[in-house]
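Thank you all for coming; I would like to walk through one model this morning, residue by residue, and then turn to the ligand.

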Amino acid sequence: MLNGKTILITGASSGIGLAMAELLIKNGARVLGLCRSIEKLPSEIIPISCDLSEPSEIETAFGKIETLDILVNNAGLAHLSPITTGDPTQWEAMWKINVQGLSLCSQKALKLFPKTGGHILNISSMSGHRVPPSGGFYAATKFAVRAITEALRAELKGVGNATRVSSISPGFVDTPLLDIYFEGREQQLKQTRETMTMLTPDDIAKTALHILSAPKGVEINDVQLRSNDQAI
Ligand SMILES: NC(=O)c1ccc[n+]([C@@H]2O[C@H](COP(=O)([O-])OP(=O)(O)OC[C@H]3O[C@@H](n4cnc5c(N)ncnc54)[C@H](OP(=O)(O)O)[C@@H]3O)[C@@H](O)[C@H]2O)c1
């Protein structure tokens, strides 16, 4: 389905990114995995070491890529960091990766895409559509991802660039990200895991495959998905 396509996935060393990389490779893609802990990447993923919170590292990382058909902006960080009491250093860390890193990777990828257009898929969140009580600054970063996705689409259409722009907005997915998000609320996470069947990284990977293998004239803009057990 994706034969001959080169796909860069940020945050391919864990959770959703790793599941997407494995499924897209099975479907014929050549996958480059960008992250800090490249030692965690399975051998079939081509490693690109980069800390997305450092713009100079993004510049260097993209300098190593010769061709690219698809960018999946997946890497992300989630702290429970309320507006009233949150730690601004956590806000900055989330902003740098979830928003600034995603935007800079998109800008760099556009320069590598074929003239006929590429595809950018942003892994956003249901927290970019509604703010749960614990949403805090994380939700703000995902609302920004939604705005950036729309802005980029409009900019590209404005200049006749055929690159497609899509996003996936998942609810809870059982990955290591939740251990950070629930830091200090471990009992709540344990209870959530016991009482709720969360989405799996594979559920998101299958959605990504559907979006990325849509016919050339079809641009799937956003897929919102939650576990059937998730109330909000
Ligand atoms: N899990 C959920 O419930 C959920 C729900 C909705 C949306 N999402 C979104 O899904 C995406 C993936 O999350 P996940 O749940 O799969 O998380 P995860 O298992 O914690 O994986 C996060 C990935 O991001 C990479 N990353 C983190 N900081 C980085 C940095 N500074 N530079 C480069 N890479 C960095 C990590 O790689 P290294 O540590 O190796 O750098 C890792 O591969 C995120 O954007 C998240 O917001 C998750």
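This is a predicted model: local features need pLDDT of at least 70, side-chain atom pairs count only at pLDDT 80 or more; totals for chains, interfaces and linings use all residues.

E66 is exposed, because its relative accessible area is 75%, where exposed means over 50%, buried means under 20% and partly exposed in between, with a 1.4 Å probe and protein chains only. The residue is found in the loop between α2 and β4 (70-73); helices here are DSSP runs of H or I with at least four residues, strands are runs of E with at least two, and both are numbered from the N terminus. The C-alpha atom of E66 is separated by 9.7 Å from that of F113, although the two are 47 residues apart along the chain.

Residues are numbered from 1 along each chain as its sequence is written, and side-chain values use heavy atoms, with hydrogens and water left out.

Let me move to S81, whose place is in the loop between β4 and α3 (88-112). S81 counts as buried because its relative accessible area is 0%. Its contacts, meaning heavy atoms within 4.5 Å, are with G86, D87, Q90, W91, M94, G136 and F137, not counting residues up to four places away in sequence. With W91 there is also a polar contact of 3.2 Å between the two side chains; by that term I mean a pair of N or O atoms within 3.5 Å, where within protein one must be able to donate a hydrogen and the other to accept it, and residues adjacent in sequence count only if both atoms are side-chain atoms. K142, by contrast, is 61 residues from S81 in sequence and 14 Å from it in space, C-alpha to C-alpha.

T141 is found in helix α4, and at 0% relative accessibility it counts as buried. Leaving aside neighbours within four places in sequence, T141 is in contact with M94, W95, N98 and V99, and the side chains of T141 and N98 are joined by a polar contact of 3.1 Å.

What does the side chain of T163 make a polar contact with? T163 sits in the loop between α4 and β6 (164-170), and it counts as buried because its relative accessibility is 1%. Its side chain makes a polar contact of 2.8 Å with the side chain of N161, and a polar atom of that T163 side chain lies 3.0 Å from the backbone nitrogen of G118. Beyond four places in sequence, the residues that T163 touches include L110, F113, G117, H119 and E219.

Two further loop residues can be set side by side. L52 lies in the loop between β3 (46-49) and α2 (55-63) and is buried, with a relative accessible area of 9%; among the residues it touches, again beyond four places in sequence, are T10, L34, I58 and C105. G28 lies in the loop between α1 (15-26) and β2 (30-35), and at 28% relative accessibility it counts as partly exposed. Apart from neighbours within four places in sequence, G28 is in contact with L2, N3 and G4, and its C-alpha is 4.3 Å from that of N3, 25 residues apart in sequence.

Finally, the ligand. Which residues are closest to it? They are S14, S37, N74, Y138 and T175, out of 29 residues that surround the ligand, a residue being counted as near if one of its heavy atoms lies within 4 Å. At least two residues of this shell are supplied by each of α1, α4 (136-158) and α5 (177-181).

Looking at individual distances, a polar side-chain atom of S14 lies 2.6 Å from an oxygen atom of the ligand, and a polar backbone atom of N74 is 2.7 Å from a ligand oxygen atom. An N or O atom in the side chain of D51 is 2.9 Å from a nitrogen atom of the ligand. Taken alone the ligand exposes 890 Å², and the protein buries 93% of that, with areas taken from the Shrake-Rupley method with a 1.4 Å probe.
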